[in-house]
Amino acid sequence: MKIDNKEIYGAIFDLDGTILDSLGVWHEIDVRFFKMHNMEVPAMYHKEIAHLSLEKIAVLTKEKYGFKESVEEICNIWRNMAQNIYKTNVKLKPYVVDLLNYLKDNNVQLAVATANEDYLYVPCLKELGVYDYFSLFNDLNKAKCIKKDENFFKETALSMNLKTQNIVVFEDTFEAIEAAKNEGFITIAVKENTHLENEKKIIANHYVNDFMEAMALFK
C-alpha cells in the first residue's frame, strides 16, 4: 500500500491524544495537583510539558513552581491518580480498530511511540483489546530522549528494521510531527484540540479529523 506514491511497510502511533482519548485525564490530574497547592494550572503549562516524560515534567514543575515535594513524590502522586483512570475510563478514539485492522490486513508493521509509561499504557491497551496489534513499543523511558528529539523516531524505525520513508507516523503534537518529518517519515497529524493546531496542518504531510479519513489516504 502507498501514501504519496511511497510504499508503506510500517506505521508508528502516538497514544495520548492520537489513538487514546486520554488528554482529559492529564488535564484533570494537573488541575487536582495544582489545587492541592492552592494554585490554578498556569496558562502555558500544557505547552511546556507536551513532549516530556513524566519524570522530566516533575522536574520542570518542581523547579519552576517551587513545590516542596521531591521529584519522586510528585511522580508517585501523578501515577496514583492516573493508574485507575487509565485502566477504567480511557477509551479509543473513533475508527481506531478499523484502521489497525486495515493496516494489519495489508501487512503493515505497527508500533507505538509514546511519552507515556508502560505501567499505564500496557493495561489500558490490553483492556481496550488492541495491545496485540503492535509488535513494538517505544517510550521515553526506553529511548532516554524526548519526543521532539529526532533520534526518538529514528530509534523506533531502526527497531522496526524499516527505512523512515516507508513509515507513516500518526501524531497529535506539533513538536513530535516536526521531529518525525525532519527525519523523512510520512506524517499524519491527528486532530486534537491542543496548542498549535493550525501549525500542525501546515507542517504535516497530511491532517485528518479522524481515522476514517486516515484510511482514505492509503492507496
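**Figure 1. Cysteines and the disulfide count.** The count of disulfides, defined as pairs of cysteine sulfur atoms within 2.5 Å, comes to zero. C124 is in no disulfide. The nearest cysteine sulfur to that of C124 belongs to C75, 19 Å away. C75 counts as buried, at 4% relative accessibility. Buried means under 20% relative accessible area, exposed over 50%, and partly exposed in between, with a 1.4 Å probe and protein chains only. C124 counts as buried too, at 1%. The model is predicted: local features need pLDDT of at least 70, side-chain atom pairs count only at pLDDT 80 or more, and totals for chains, interfaces and linings use all residues. Residues are numbered from 1 along each chain as its sequence is written, and side-chain values use heavy atoms, with hydrogens and water left out.

Figure 2. The largest pocket holds about 680 Å³ of space. A pocket is found on a 1 Å grid over the protein atoms alone: it is an open set of points where a 1.4 Å probe fits, with protein on both sides within 12 Å along at least five of seven lines. Grid points are joined across faces, edges and corners, and the volume is the space filled by probe spheres set on the points. Lining residues have an atom within 4 Å of a point. There are 30 of them, and D16, L23, W26, I49 and A50 are the closest to the pocket centre. Helices are DSSP runs of H or I with at least four residues, strands are runs of E with at least two, and both are numbered from the N terminus. The most comes from α1, with five residues. By class, the lining divides into 12 nonpolar, 10 polar and eight charged residues. Here Ala, Val, Leu, Ile, Met, Phe, Trp, Tyr, Cys and Pro count as nonpolar, Asp, Glu, Lys and Arg as charged, and the others, Gly among them, as polar.

**Figure 3. A stacked pair, Y121 and F137.** The aromatic pairs number 17. Rings of Phe, Tyr and Trp (its six-membered ring) pair if their centres lie within 6.5 Å; planes under 30 degrees apart count as stacked, over 60 as edge-to-face and the rest as tilted. The ring centres of Y121 and F137 are 6.0 Å apart and their planes lie at 20°, so this pair is stacked. Y121 sits in helix α6 and F137 in strand β7 (residues 136-139), 16 residues apart, and the pair links distant parts of the chain. Y121 is buried, at 0% relative accessibility. F137 is also buried, at 15%.

**Figure 4. A tilted pair, F170 and F211.** These two rings form a tilted aromatic pair, 5.9 Å centre to centre with 55° between the planes. F170 lies in strand β8 and F211 in helix α11 (residues 211-215). The two are 41 residues apart, and their pair links distant parts of the chain. F170 is buried at 0% relative accessible area, and F211 is buried at 2%. One aromatic cluster is formed by F13, Y121, Y131, F134, F137, F170 and F211.

**Figure 5. V208 in strand β10.** V208 belongs to strand β10 (residues 206-208). V208 is buried, with a relative accessible area of 1%. V208 and F170 are 38 residues apart in sequence, yet 9.8 Å apart in space, C-alpha to C-alpha. Leaving out residues up to four places away in sequence, V208 touches I188, A189, V190, K191, E213, A214 and L217. Contact means heavy atoms within 4.5 Å.

**Figure 6. Helix α9 and its packing.** Helix α9 spans residues 174-182. Its buried residues are F174, E175, A176, I177, A179 and A180. They pack against α8 (150-160), β8 (167-171), β9 (186-190) and α10 (197-203). G184 follows α9 and has a positive phi, near 95°.

**Figure 7. Two asparagines with positive phi.** N38 is not a glycine, yet its phi is positive, about 60°. N38 is in the loop between α1 and α2. N38 is exposed, with a relative accessible area of 75%. N107 is not a glycine either, and its phi is positive at about 60°. The loop that holds N107 runs between α5 (96-105) and β6 (109-114). N107 is exposed, at 69% relative accessible area.
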